[in-house]
Amino acid sequence: MQRRGIATLAAAAVLVAAYLLTMEPAHTPVVALRQASAAAILDSATPHFQPAQLERELDALISLCPGRPGIVLEAADGSWKITRRGSTSIKAASVIKLPILLAVLRLRARGELDIETRVVVLPADRTEGSGSLKYSPLPHDFTLSMLLERMISESDNTATNAILRIVGLDTIAAEFPGLGLERTRLTNRILESSADNPTTAGEIAGLLSALSRKAGVAAGGRAILPDADALLARALLRSASNAMRLKRYLPDTVSVEHKTGTLRDIVHDAGIVSTPSGDVIVAGLISNVTDRNEAEKWLGLLGKIVYERAGVSE
């Protein structure tokens, strides 16, 4: 019991040290000294990945979160998995665009939809929030593939609502069970209801886990997408523009295929993080956020710790 207490305190010290490293900017000697001390603590961590150590550090990090996080961390090869509130329902915000993308690609794979078809975005599709399409003169024609790209790369709400109208909200929602989704539901277009669409960190992580495997095969052996469509989905996720969360403290060369989500009290990021020892699934969905900027830094720290701990080459 005493040994476990010491390990927990050590993990907390590492996390506090890492948190100090995120203090921006370091203009004073006091902050510089704190950051130097933090770096020394981090450098003292074990060089070999141990899931139990990551669990302790995650729990210490959760104690610093400016909200209520649902977390799933998982090796793409299935060798380890860590979950905290992974089955808790939470407003999906723009993370719902990930299952929307996969549902459309499933329709395409079955030959029921041509994403190169030209369609018209209407003034009624115009929606506030993220994306530049709301500033464009409408009506205007695009291909569905162009709208999908905007939906993911810019998290464009107007493009998303156009897709839901053109393909059909009910048609897309009907694909969710085939994606393995039970608690993630599509009940309304973006920003059309205060209730928002629900999801869980576990189900979003499950989609990313399936994409990280060949031919989009989920852990249970169920293929959610053919290989070409899974690769297209990953390429689109790689183009996502928000680098202030999971990618915040990672080297620029690190690939993160992810989707973010934001509402007044919601800050999410979930993605596939490429590390030297293989891909890692990181789903961090935070509700009851009290400070958006601090929540974004917190997700950045989550990404940094996972990359530096789970990415160690043996």
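Biologist: At roughly what angle do the axes of helix α4 and α8 cross, and within what distance do they come?

Modeller: This is a predicted model, in which local features need pLDDT of at least 70 and side-chain atom pairs count only at pLDDT 80 or more, while totals for chains, interfaces and linings use all residues. Residues are numbered from 1 along each chain as its sequence is written, and side-chain values use heavy atoms, with hydrogens and water left out.

Modeller: Two packed helices are described by the angle between their axes and the distance between the axes. Axes are lines fitted to C-alpha atoms, for helices over the stretch in contact, with angles from 0 to 180 degrees between N-to-C directions. Helices are DSSP runs (H or I, at least four residues), numbered from the N terminus. Here the axes of α4 (residues 97-109) and α8 cross at roughly 45 degrees and come within 10 Å. That makes α4 oblique to α8 (under 35 degrees is roughly parallel, over 145 roughly antiparallel, 65 to 115 roughly perpendicular, the rest oblique).

Biologist: Which residues of α4 and α8 meet?

Modeller: Contact means heavy atoms within 4.5 Å. Leu98, Pro99 and Leu102 of α4 meet Ile204, Leu207, Leu208 and Leu211 of α8.

Biologist: At roughly what angle do the axes of α8 and α9 cross?

Modeller: The axes of α8 (residues 201-212) and α9 (residues 227-238) cross at roughly 120 degrees and come within 9 Å; α8 and α9 are therefore oblique to each other. Leu208, Leu211 and Ser212 of α8 make the contact with Ala230, Ala233, Arg234 and Leu237 of α9.

Technical notes
Helix = DSSP H or I, 4+ residues; strand = E, 2+ residues; numbered from the N terminus.
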